[in-house]
Amino acid sequence: ASWDGTEWRALGDGVRVMSGNSPVSLATFDPDGAGLQPDRLIAGGQFTQAGNIGAVNIASWDGLAWSSLGGGFNQGIEAMAIFDPDGDGPAPPELYAGGRFIRTPDGPARGLARWDGAHWHALSSELSAPYDVRVTDFTLWDPDGTGPAAELLVVVGWFTSAGGLPANGIVAWDGAA
């Protein structure tokens, strides 16, 4: 539900969760950056339906209706973040999703994937572990404040390396490595 300052309003028919589960992560995503499209509310978790459409573990709310976000993930989404690797550059921000999945609607990805507004992609530097990879949270971090260095996406969870380098449960992503 959403609160408008006076009352609660339902988001359509909501999402149909799997037994004992619920949406666990929300993000506000503008699919075209500063373009004409409005922001969308993205819900991630373990569910099979949003409103009256099939939406497996991730769905988008445009203010009027739910839609699937490129198909479904084979496992639930636990964390989401919006990250713009080129800052104020020409590329729009991207939506990052984390969880215990090994497959996105567009192909394999181990626990971490990014949505460019049209397709899901695995990162070029994959997370790995001797067991299941699981991303549990994200935050944005600017290591030099207002200095020239770009903001980084910090990823936490269950993994032991990133891009072949040691990374015990925490790593920073700059959009390329």
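**View 1. Strand pairing around S5 in the predicted model.** Ala 43 has Ala 59, a residue of S8, as its bridge partner. The model shown here and in the other views is predicted. S5 and strand S8 (residues 58-61) run antiparallel and are paired over 4 bridges. S5 also pairs with strand S4: 5 bridges join S4 (residues 25-29) to S5 (residues 40-44), again in the antiparallel sense. Here Phe 29 has Arg 40 of S5 as its bridge partner.

**View 2. The largest nonpolar core.** This core holds 18 residues. Tyr 96, Leu 112, Leu 127, Phe 138, Leu 153 and Val 155 have the most contacts inside it. At least two core residues come from each of strands S10 (77-83), S17 (134-141), S18 (152-158) and S21 (170-173). The largest share, 3 residues, is supplied by S10. Another core, of 15 residues, lies apart from this one and includes Ile 42, Ile 77, Met 80 and Ala 97. In soluble globular proteins, nonpolar side chains tend to be buried together.

**View 3. The surroundings of Leu 153.** Which residues does Leu 153 contact, leaving aside its neighbours within four places in sequence? They are Ala 81, Phe 83, Tyr 96, Phe 138, Thr 139, Leu 140, Val 171, Ala 172 and Trp 173. Leu 153 is also one of the residues with the most contacts inside the largest core.

**View 4. Phe 73 and Trp 120, an edge-to-face pair.** The model has 6 aromatic pairs. In the one formed by Phe 73 and Trp 120, the ring centres are 4.9 Å apart and the planes are at 80°. Phe 73 is in the loop between strand S9 (66-68) and S10, while Trp 120 is in strand S15 (residues 120-122), so the pair links parts of the chain 47 residues apart. Phe 73 counts as buried because its relative accessible area is 2%, and the cut-off is under 20%. Trp 120, at 3%, is buried too. Ring pairs join Phe 73 and Trp 120 with Phe 101 and Trp 115 in a cluster.

**View 5. Phe 83 and Tyr 96, a pair between two strands.** These two rings are also edge-to-face, with 5.8 Å from centre to centre and 70° between the planes. Phe 83 belongs to strand S10 and Tyr 96 to strand S11 (residues 94-99), so the pair ties together parts 13 residues apart in sequence. Are Phe 83 and Tyr 96 buried or exposed? Both are buried.

**View 6. Arg 134 and the ring of Trp 158.** The charged end of Arg 134 sits over this ring. The distance to the ring centre is 4.3 Å.

Conventions: Residues numbered from 1 in each chain as written. Heavy atoms only, no water. Core = buried A, V, L, I, M, F, W, Y, C linked by side-chain atoms within 4.5 Å. Buried < 20%, exposed > 50% of the residue type's maximum accessible area, 1.4 Å probe, protein only. Contact = heavy atoms within 4.5 Å. Phe/Tyr/Trp six-rings, centres within 6.5 Å; stacked < 30°, edge-to-face > 60°. Lys NZ or Arg CZ within 6 Å of the ring centre and 35° of its normal. Pairing = 2+ DSSP bridges.
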